[in-house]
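Visitor: I'd like to go through this model with you. Can we take it piece by piece?

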Amino acid sequence: MSSVADMTISPRDAERYEEKDFGFWLYLMSDAVIFACLFATYLVMVGNTAGGPAPKDVFELDRAAAETALLLLSSTTFGVAAVALSSGDRGKVLLWLAVTFLLGAGFIFLEIGEFTGMIAQGAGPDRSGFLSAFFTLVGTHGFHVSVGLVWILVMMGQVFFKGLTAPVASRFMRLGLFWHFLDIIWVVIFSVVYLPGVL
Amino acid sequence: METKSGLQIERTIRPYLVGLALAVVLTAIPFGLAATGALPRETTLIIIAALAVVQILVHLAFFLHIDFKTTPRENLVALAFALVLIFIMVGGSLWIMFDLYHRMMV
């Protein structure tokens, strides 16, 4: 990043950022383990419908496909923001972070619609073991995405007020790891929850 | 490209577009199979699982920029350790619970 004037950092700072990156990576790995446990719980519970709705009755493939498209596109637009960051284009970073935010917000909007629709038709988390596991797993992912949305807003504030300084760029990269990581979790969710559910 | 902090910053959009194109294909195939039900259920499930693994690798490579050259070694070790933990916990849980399930059915 030394190509961008205001992003030069001392070796001591570089070491600090490296430690932070590693620490954040360890957090992501432990988060992956948490999701793995929720996936295991879901797979054990998916057959326990207690006479209530089965996956086939409550999952909408169209909605899952739309959610998938929004999240995948938001990962790509974040990449566009990252490229803008490396060329030091502050306006473009803000623009593409805003686009990423809107795509992520669209995802959350669809998911909230899905959850409220299911609860309205009596398929809430209290109905059966399957639905408890479903809401816990997909809800935990949705909560992570919501936190990511808040983080994107904070990031936009920092880029706007502080500019593309080395600490801001370092935080931006960790936000990127978080955002792309959530997209990976979603790939597992549609492969384990939605697609087998409608088959 | 590598920053001094060890994290990579991409200077070109190319890896993201390659990643997007691969991810679209790897997503469209399982969704298409699930929507049409063209293949038997078992076969479809195996294809979905296999494509999910490939897509995770695509995301790791093109979006998270994990590779064996520039990614710090300790990050790769942490990733490998997490995979071992996940394998033991998911595999072990399913093994125990479904074994229990079958014994209860007798």
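This is a predicted model: local features need pLDDT of at least 70, side-chain atom pairs count only at pLDDT 80 or more; totals for chains, interfaces and linings use all residues.

Visitor: Where in chain A is the pLDDT below 50?

Guide: Over residues 1-5 of chain A. Beyond near neighbours in sequence, that stretch has 8 contacts in the model; two residues are in contact if their C-beta atoms, placed from the backbone, lie within 7 Å. Chain A averages a pLDDT of 94, and 96% of its residues score at least 70.

Visitor: And what does chain B average?

Guide: Chain B averages 90, with 90% of the residues at 70 or above. Residues 1-6 of chain B fall below 50, and that stretch has 21 contacts beyond near neighbours in sequence. For the complex, the predictor gives an ipTM of 0.91 and a pTM of 0.92.

Visitor: How many helices and strands does chain B have?

Guide: 3 helices and 0 strands, in the pattern α-α-α along the sequence. Of its 106 residues, 24% count as buried. Buried is defined as 20 or more other C-beta atoms within 10 Å of a residue's own, exposed as 12 or fewer, and partly exposed as in between, with C-beta atoms placed from the backbone. Among the contacts in chain B with a separation of 6 or more, 58% join residues 24 or more positions apart.

Visitor: Back to H1 of chain A. How many residues does it have, and how far does it reach?

Guide: H1(A) runs over residues 11-45, has 35 residues and reaches 51 Å from its first C-alpha to its last, close to the 51 Å expected. The expected span is 1.5 Å times one less than the number of residues.

Visitor: What do its buried residues pack against?

Guide: They pack against H5 (129-162) and H6 (166-198) of chain A together with H3 (73-105) of chain B. The buried residues of H1(A) include Tyr17(A), Trp25(A), Phe35(A) and Tyr42(A).

Visitor: How many residues does the contact take from each chain?

Guide: 44 from chain A and 43 from chain B. On the chain A side, H1, H3 (61-86) and H6 each supply at least two residues.

Visitor: H6(A) next. Where is its kink centred?

Guide: On Phe190(A), with a kink of about 35°. The bend at a residue is the angle between axes fitted to the seven residues ending there and the seven starting there. The end C-alpha atoms of H6(A) are 47 Å apart, which agrees with the 48 Å its 33 residues should span. Of those 33 residues, 27 are buried, so H6(A) is largely enclosed by the rest of the structure.

Visitor: Which residues touch the most other members of the largest nonpolar core?

Guide: Ala81(A), Leu85(A), Val93(A), Phe134(A), Phe190(A) and Val193(A), out of 71 residues in that core. A nonpolar core is a set of buried Ala, Val, Leu, Ile, Met, Phe, Trp, Tyr and Cys residues joined through C-beta atoms within 7 Å. The largest share of this core, 18 residues, comes from H6(A). Phe134(A) touches Tyr42(A) and Val193(A), leaving out residues up to four places away in sequence.

Visitor: Is Leu97(A) buried or exposed?

Guide: Leu97(A) counts as buried because it has 25 C-beta neighbours inside 10 Å. Leu97(A) is in helix H4 of chain A. Not counting residues up to four places away in sequence, Leu97(A) touches Ala81(A), Ile152(A), Met155(A) and Met156(A).

Visitor: And what does Val198(A) touch?

Guide: Lys56(A), Phe59(A), Leu61(A) and Ala34(B), with residues up to four places away in sequence not counted. Val198(A) is in helix H6 of chain A and is partly exposed, with 18 other C-beta atoms within 10 Å.

Notes: Residues are numbered from 1 along each chain as its sequence is written. Chains are lettered from A and ligands numbered from 1 in the order in which they are written. Helices (H or I, at least four residues) and strands (E, at least two) are DSSP runs, numbered from the N terminus. pLDDT is the predictor's confidence in each residue, from 0 to 100.
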